[in-house]
Amino acid sequence: MTALAPSVARAGNGVQCTDLPNVLIGAGGSASRPLLATVGAALVDIEDPITLVYQSPGACFGITAYVDDSPITGTASYWDTDGNELTRTLPLIGVSPDFGMLGVQATLCEGVDEIPDGLGEATGPITSWSLIASNESSQTSISAEAVYFAYGFGAAPGQVDPWVVDAELYSRNANAAALIAIARAAGIPPNSFKGIDVVTNQAMITSVAASQAPGAGLGYTSTEVADLNRDVVHTLAFQAFDQTCGYWPDSTATAFDKRNVRDGHYYLWSPYRFHAPADGAGVFENPVAEPLYRLVGVHNGPTIKPLVSKLGLVDGSLLPDLADEAGELLSKMTSREVEATLLRQGFRPPSRTTLANRLGEMLADISTGAREFEDECRVEEKLDSELGAISCGLDRVAARMDETLPEGLERTEKLRQRRSPEKYQRTPPEPHESTWRMAWAANVTLYDTEGRARHSFRHGADAGHDVELLVARVVDDVYHLCEQHA
């Protein structure tokens with residue numbers, strides 16, 4: 001099974017968390033651990049390193065540590081420059097966290113009626129929550145009404161087929177942000193939520209994936225964690241009250257774009273909230289400064305953000321600087337060369353597979369909106385000579401395509417020849433074949449009054465593309481050029 005986070009190693013020698021250099025201690029939910037792992041690895045690798053230490057007993061502990069004035073004790077995690085998670089103990093007398101991190105509003109936690117005086121709040125990135133089933137389950141969606149009966153009354157009493165087995169209904173305790181968010185969406189008091197408390201996000205993945213009756217297995221977790229474990233579980237599309245159909249967090253079950261979260265169709269989302277000691281105006285007492293740089297002698301030049309350059313990827317999404325650089329590089333070189341180049345440029349790129357998948361999704365989005373993007377780009381395009389003529393061309397060109405094999409004898413034979421599953425550390429690739437397809441190629445060339453070619457715009461599309469859309473882009477080019485000439 002896919003691990004939730006990098007392997008955990010326990011540091012020895014009796015050194016405590018507070019003995020680490022420039023330590024920043026946080027407490028809260030475990031849903032944010034994939035995000036914090038990336039941030040922690042980047043913070044410890046900047047010029048003035050910061051060691052991010054985090055304990056994740058549950059989201060509500062991110063606020064109750066301040067409300068109850070109770071120091072945190074026990075073991076906490078931190079990350080080295082390679083992203084490896086390490087653990088050390090907190091002082092026996094406990095320590096007050098520098099910040100708390102919750103995936104829900106603090107006043108939704110039991111016993112928290114208001115934010116205490118002297119505590120500030122800041123919102124962070126959006127997170128979402130997923131109801132999940134085993135990949136052995138055929139279920140693809142669930143409604144708020146179904147959640148209400150299954151988790152409000154229990155699996156067997158709720159009688160929501162196929163989730164009718166009490167031993168296969170998995171849950172968390174009322175301090176978990178995922179429980180609070182889903183309980184509110186289904187109209188269930190958090191303390192009345194039914195199901196077996198599996199304690200952690202990773203235990204939720206393990207329990208649902210290993211369900212003895214996969215069709216009856218139901219659980220929930222943060223979408224970040226569900227996405228990291230798509231090889232064993234899948235997110236169910238969620239139909240909220242008053243919706244006519246269910247939506248995944250992404251545009252499809254296999255995408256990673258969070259489009260339905262961003263446009264409001266997917267109901268189960270919330271911003272992360274950070275709490276830390278603050279003055280009367282709500283300004284944090286000990287803010288972490290982010291160093292910003294500009295090139296010497298360049299007035300209003302681009303801002304250089306060392307932290308962003310190191311991170312490159314947060315919560316499975318490419319940050320703009322990395323996406324811009326990697327997208328251009330991938331058009332000129334192999335993924336292995338892209339990875340080596342990014343490392344030389346100071347990025348901390350993800351694996352080549354993750355990079356290729358994310359860039360593929362980005363390029364697919366660009367392709368879908370190509371005509372609109374080109375309209376914006378043309379605003380900046382100016383003729384550098386008198387326009388004499390325009391020529392247009394449209395042709396077919398053979399292109400080699402790697403395509404997944406459809407069901408049939410050839411696919412069956414390739415699967416039979418595959419190495420045994422235990423030799424794979426990741427999900428084995430789908431059987432595929434290389435096929436030559438006739439792709440489309442179009443161009444628009446500008447000539448000056450003396451007949452010299454001055455510039456060419458080139459467009460391309462794969463064999464299955466609607467050629468009328470390609471022709472429309474060529475027409476847009478010609479129309480824009482004629483407008484400028486007029």
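Modeller: Start with burial: buried means under 20% relative accessible area, exposed over 50%, and partly exposed in between. This is a predicted model.

Biologist: Why is Cys109 called buried?

Modeller: Its relative accessibility is 3%. The cut-off for buried is under 20%. Therefore Cys109 counts as buried.

Biologist: What makes Cys60 buried or exposed?

Modeller: Cys60 has 0% relative accessibility, so it counts as buried.

Biologist: And how do you class Cys17 and Cys245?

Modeller: Cys17 is at 0% relative accessibility and therefore counts as buried. Cys245 is at 31%, so it counts as partly exposed. That value falls in the range between under 20% and over 50%.

Biologist: How do you know that Cys60 and Cys109 form a disulfide?

Modeller: Their sulfur atoms are 2.1 Å apart. The criterion is a pair of cysteine sulfur atoms within 2.5 Å. Cys60 and Cys109 form a disulfide on that basis. A search of the whole structure finds one disulfide.

Biologist: What is the handedness of the link between Cys60 and Cys109?

Modeller: Left-handed, with -90 degrees about the S-S bond.

Biologist: What does the pair tie together?

Modeller: Cys60 lies in the loop between β3 (51-55) and α2 (61-67), and Cys109 in the loop between β6 (99-102) and β7, so the pair ties together parts that are 49 residues apart in sequence.

Biologist: Which residues make the contact?

Modeller: From α12, Asp365, Ile366, Ser367 and Thr368. From α13, Ala370, Glu372 and Phe373. By class, the contact of α12 with α13 has three nonpolar, two polar and two charged residues.

Biologist: Which residues of α6 are buried, and what do they pack against?

Modeller: In helix α6 (residues 201-209), the buried ones are Asn201, Met204, Ile205, Ser207, Val208 and Ala209. The buried residues of α6 pack against β7 (119-134), β9 (170-171), β11 (219-222), α7 (223-228) and β12 (233-235).

Biologist: How do you know that Ser134 is buried or exposed?

Modeller: Ser134 is at 2% relative accessibility, so it counts as buried. Ser134 lies in strand β7. Leaving out residues up to four places away in sequence, Ser134 touches Val208, Ala209, Pro214, Val232, Val233 and His234.

Biologist: What about Leu86: buried or exposed?

Modeller: Its relative accessible area is 18%. The cut-off is under 20%. Therefore Leu86 is buried. Leu86 is found in strand β5 (residues 85-89).

Biologist: Next, the cores. How many residues does the largest nonpolar core have, and which have the most contacts inside it?

Modeller: That core has 68 residues. Leu131, Ile142, Tyr151, Tyr220 and Phe238 have the most contacts inside it. Helix α5 (residues 177-186) gives the largest share of this core, nine residues. Another core, of eleven residues, lies apart from it, and Leu20, Val53, Ala76 and Val95 are among them.

Biologist: Which residues does Tyr220 touch?

Modeller: With residues up to four places away in sequence not counted, they include Leu131, Tyr151, Ala178, Ile182, Phe193 and Met204.

Conventions
Residues numbered from 1 in each chain as written. Predicted model: local features only at pLDDT ≥ 70, side-chain atom pairs only at ≥ 80, totals over all residues. Heavy atoms only, no water. Contact = heavy atoms within 4.5 Å. Helix = DSSP H or I, 4+ residues; strand = E, 2+ residues; numbered from the N terminus. Nonpolar A, V, L, I, M, F, W, Y, C, P; charged D, E, K, R; others polar. Buried < 20%, exposed > 50% of the residue type's maximum accessible area, 1.4 Å probe, protein only. Core = buried A, V, L, I, M, F, W, Y, C linked by side-chain atoms within 4.5 Å.
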